Each structure stands twice: as structure tokens, then as C-alpha cells.
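The sequence and structure are shown first.

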Amino acid sequence: MREKQRYLVYEVLSKNKISTIKIKKELNEGLYSYLGILGLSQANVNFVDQYSNQGIILTNSKYMHHVKAALTLIANIDDIPVIINVKKVSGMLNKARETLK
């Protein structure tokens, strides 16, 4: 049976501009430190879209709350204080992309 997927639309709030490569790297490290190897593989986390300070993450619906918690625990990116806000959770990619506009 196919597992259900959810798209998390997130926004990184900071005073300084941070490159998308650093954001993605820190998000990966934060998810790894919170979920571990097993949890990360079970959550099946994939980065779908990445814009300047916003993006979409694809995850398994059973681990959606774990991924949201891991994102909120990230406090610094490249020694710059940040707040990561999950704006929307959607089951359809088109609806998630509408939130980014």
C-alpha cells in the first residue's frame, strides 16, 4: 500500500540574507540531529522547491509532526539567529506552490 505524502511550506525569518545552499544544509543537519538516521529514512524527507527564504519539503504523513518539530528547533543558520515558520501543510504540490506566491 502506498504511503501518503505531505508537503510542508516553510519560511526562514532572519535579519540577514542567507543563501539557499546554507539553508538547505542546516535544515538537513537539523532534521538529522532530531530524527536520526532511522527517523529520517522513515520520514522520507525530500526538498521539492527552494526559493530565497522559502521552500517546500515532501515528507511522509505519519512523520509530518516530527519534521515540523525538528524545523522549529533550528535556531541558527551560519551563526545567524533564525526562526523557521511552517506556513502550510498540503497534500497537493500545486496548492503548496500557490502559498509561495
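**A pair within one helix**

Glu 29 and Lys 25 lie four residues apart in helix 1, so about one helical turn separates them; helices (H or I, at least four residues) and strands (E, at least two) are DSSP runs, numbered from the N terminus. The two form a salt bridge, with the closest N and O atoms 3.8 Å apart. The term denotes a side-chain nitrogen of Lys or Arg within 4 Å of a carboxyl oxygen of Asp or Glu. Glu 29 is partly exposed at 39% relative accessibility, where buried means under 20% relative accessible area, exposed over 50%, and partly exposed in between (1.4 Å probe, protein chains only).

**Basis of the model**

The model is predicted: local features need pLDDT of at least 70, side-chain atom pairs count only at pLDDT 80 or more, and totals for chains, interfaces and linings use all residues. Residues are numbered from 1 along each chain as its sequence is written, and side-chain values use heavy atoms, leaving out hydrogens and water.

The structure holds three salt bridges. In one of them, Asp 78 pairs with Lys 22 at 2.9 Å between the closest N and O atoms. Asp 78 sits in the loop between strand 4 (76-77) and strand 5 (80-81), 56 residues from Lys 22 in helix 1.

Arg 97 and Asp 49 also meet in a salt bridge (2.7 Å, N to O). This pair links helix 3 (residues 93-100) with strand 2 (residues 46-50). Arg 97 is partly exposed at 33%, whereas Asp 49 is buried at 13%.
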